[in-house]
Amino acid sequence: MVLNTIGTRAALPSADLETDMHKLAGNLRAYPYAESEPPAQTPPPPGYSPFHLEHYGRHGSRWLIGENDYLTPVKNLEKAEKAGKLTPLGQETLDVLRDIERQSRGRLGELSDKGALQHQAIGRRMARNYPELFSDSSQVDAKATVVIRCILSMLNGLQGIREIAPGVRVKSDASYADMHFMNYDDKPAWPIKDRAMETTLKEYQAKHRLDGEYLSRLVSDEKFAIDSVAPGLMPQLYWILANTQGHTGQPWMLDKVFSVEEVREAWRGDNGHWVLHCIDSPLTERRMPYTQRKLLKNIIESTDTAMMSTRPSVNLRYGHDGILINFITLMEIDDLGREFSSIEEAEDAGVRSYDLIPMAGNIQLIFYRNAEGDVLVKCLLNEEEVRLPATPVSGPYYRWNDLRNYYKDKILKIND
């Protein structure tokens with residue numbers, strides 16, 4: 001199928017990758033449109049009005065998941081403190097890490113205060129942008145995975161919607177009964193990915209290791225730093241400092257501790273994992289995008305039902321980054337579903353975690369219909385218009401029937 005040029009994702013040569021440290025937090029990046037507005041949307045062709053919306057969104061900013069994510073950097077830097085070998089920046093960093101570790105107790109993996117605000121803002125914009133879909137006569141069906149940060153993300157998204165559309169009818173749920181499409185565990189695919197992680201990813205990460213210069217900013221004794229502080233310090237130190245952007249009141253120190261080049265290398269080592277997790281590639285037997293075929297099937301079936309109704313409707317789903325990024329490649333958004341032969345090729349083409357799966361990252365499919373019953377669809381990735389694998393009718397608008405047939409044929413390639 002022919003791809004149009006709307007929403008072309010910039011291809012960046014490796015040497016020119018982003019220098020914004022907030023972005024280089026990767027999948028820990030705070031949602032870019034929590035406090036600012038996304039780009040203006042292209043109006044639909046004359047005569048078309050929205051009647052349905054399908055959505056899958058990642059939970060908002062959160063606390064790190066593992067206890068040792070917080071404890072290990074504290075313990076490692078405390079060795080240097082006890083030995084009297086911390087620099088002033090090292091002492092400042094340790095004091096910040098101790099405070100964050102104390103705050104994290106009992107909250108591992110939970111939604112942060114900023115994570116809640118991110119979903120409230122997204123919900124408000126949905127209701128404001130598509131008032132026809134959030135009228136008193138419409139039905140909003142919201143589902144979350146059975147994880148508290150996703151449930152709270154759903155509730156905050158619905159709160160944002162109700163601020164704009166208080167009369168909308170809402171049904172919300174979080175059940176294991178829906179996990180087969182909300183968070184599908186594709187067991188045959190994981191051994192394929194794991195083999196690539198053991199070979200391709202290790203080779204890639206070996207090219208993108210930090211040289212240890214950051215240690216000299218924290219610890220005054222080079223040998224002590226290498227022998228006693230460095231083991232196990234990364235990537236947890238990078239994760240904690242990168243994730244402070246997702247919390248109110250936590251200081252931003254990533255640019256004090258690390259140079260841009262060091263953070264970029266830390267991000268690339270992590271991004272290699274996400275690339276292999278999602279791309280269509282011989283490296284993973286061209287299998288990984290299809291892990292989200294059940295989610296796409298559910299969206300197609302849900303849209304079929306909506307098309308038979310005269311009542312406007314919205315289906316919201318709140319889940320995880322590992323689902324969202326594979327759904328992006330399965331749908332071939334911005335040509336990211338094409339075949340890639342290497343991590344570098346995919347990364348340069350736009351498979352970058354900070355663009356695709358920031359905290360609260362989301363896909364919205366908005367469906368439009370005219371008086372003759374012709375149905376068009378527009379796709380938003382993180383509230384920006386993107387391309388789909390079909391010939392557009394106008395700008396970012398595509399005939400749903402073309403895409404529906406294409407996607408249905410595609411997901412039949414994997415027999416369940």
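pLDDT is the predictor's confidence in each residue, from 0 to 100. The chain of this predicted model has a mean pLDDT of 94, and 96% of its residues reach 70 or more. Over residues 1–8 the pLDDT is below 50. Beyond near neighbours in sequence, this stretch has 26 contacts in the model (heavy atoms within 4.5 Å). Local features need pLDDT of at least 70, side-chain atom pairs count only at pLDDT 80 or more, and totals for chains, interfaces and linings use all residues. Residues are numbered from 1 along each chain as its sequence is written, and side-chain values use heavy atoms, with hydrogens and water left out.

Secondary structure follows DSSP runs, numbered from the N terminus (helices, H or I, at least four residues; strands, E, at least two). Strand β2 spans residues 139–144. Five of its six residues are buried, so β2 is largely enclosed by the rest of the structure (buried, under 20% relative accessible area; exposed, over 50%; partly exposed, in between; 1.4 Å probe, protein chains only). Strand β3 (residues 169–173) runs parallel to β2, and five bridges join the two (pairing requires at least two DSSP bridges). Asp 141 stands opposite Lys 171 in β3.

Helix α4 covers residues 148–164 and includes Leu 152. Leu 152 is partly exposed, with a relative accessible area of 33%.

Thr 244 lies in the loop between α9 (236–243) and α10 (254–257). Its relative accessibility is 2%, so Thr 244 counts as buried. Residues up to four places away in sequence aside, Thr 244 touches Ile 100, Gln 250, Pro 251 and Trp 252.
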